[in-house]
Amino acid sequence: MKQMLPNEVETLRNQGRELSIIDVRETDEVAAGKILGAVNIPLGLLEFRLQDLDKSKEHIVVCRSGGRSLMAANLLKERGYKVINMTGGMNEWQGPTE
């Protein structure tokens with residue numbers, strides 16, 4: 001499983017890279033802020049929203065601390081998606097949020 005630190009994700013954002021970021025936290029958690037451009041799909045709904053994800057893209061998965069995102073990344077990887085787990089999650093995120 002590919003892993004990436006929050007500051008590495010922010011570096012890619014600052015370089016203008018087009019990123020697909022999936023935030024698997026619950027809606028009430030995301031209300032406090034999420035990474036700019038991230039799409040919120042709570043972990044419990046992820047398998048029902050697979051058709052919304054482009055298999056040709058690499059997806060960065062994020063949660064609060066990295067545990068749920070690892071579960072989500074494993075689920076996606078098992079189904080043929082290219083994924084990166086952002087370790088440390090939003091607890092370690094220093095970049096801008098929306």
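A: Let's start with a term: buried means under 20% relative accessible area, exposed over 50%, and partly exposed in between (1.4 Å probe, protein chains only). Strand S4 is mostly covered, with four of its five residues buried. Helices (H or I, at least four residues) and strands (E, at least two) are DSSP runs, numbered from the N terminus. Keep in mind that this is a predicted model, where local features need pLDDT of at least 70, side-chain atom pairs count only at pLDDT 80 or more, and totals for chains, interfaces and linings use all residues. Residues are numbered from 1 along each chain as its sequence is written, and side-chain values use heavy atoms, leaving out hydrogens and water.

Now the neighbours. Two strands pair if DSSP finds at least two bridges between them. The five strands make an open, parallel sheet in the order S1-S5-S4-S2-S3. On one side, S4 (residues 58-62) pairs with S2 (residues 20-23) over four bridges, in the parallel sense. Serine 20 has histidine 59 of S4 as its bridge partner, and isoleucine 21 has isoleucine 60. S4 and S5 also run parallel, joined by four bridges; there, valine 61 stands opposite asparagine 85 of S5.

What about the helices? Helix H3 (residues 67-78) lies across S1, S2, S4 and S5. H3 runs at about 170 degrees to S5 (axes are lines fitted to C-alpha atoms, for helices over the stretch in contact, and angles run from 0 to 180 degrees between N-to-C directions; contact means heavy atoms within 4.5 Å).
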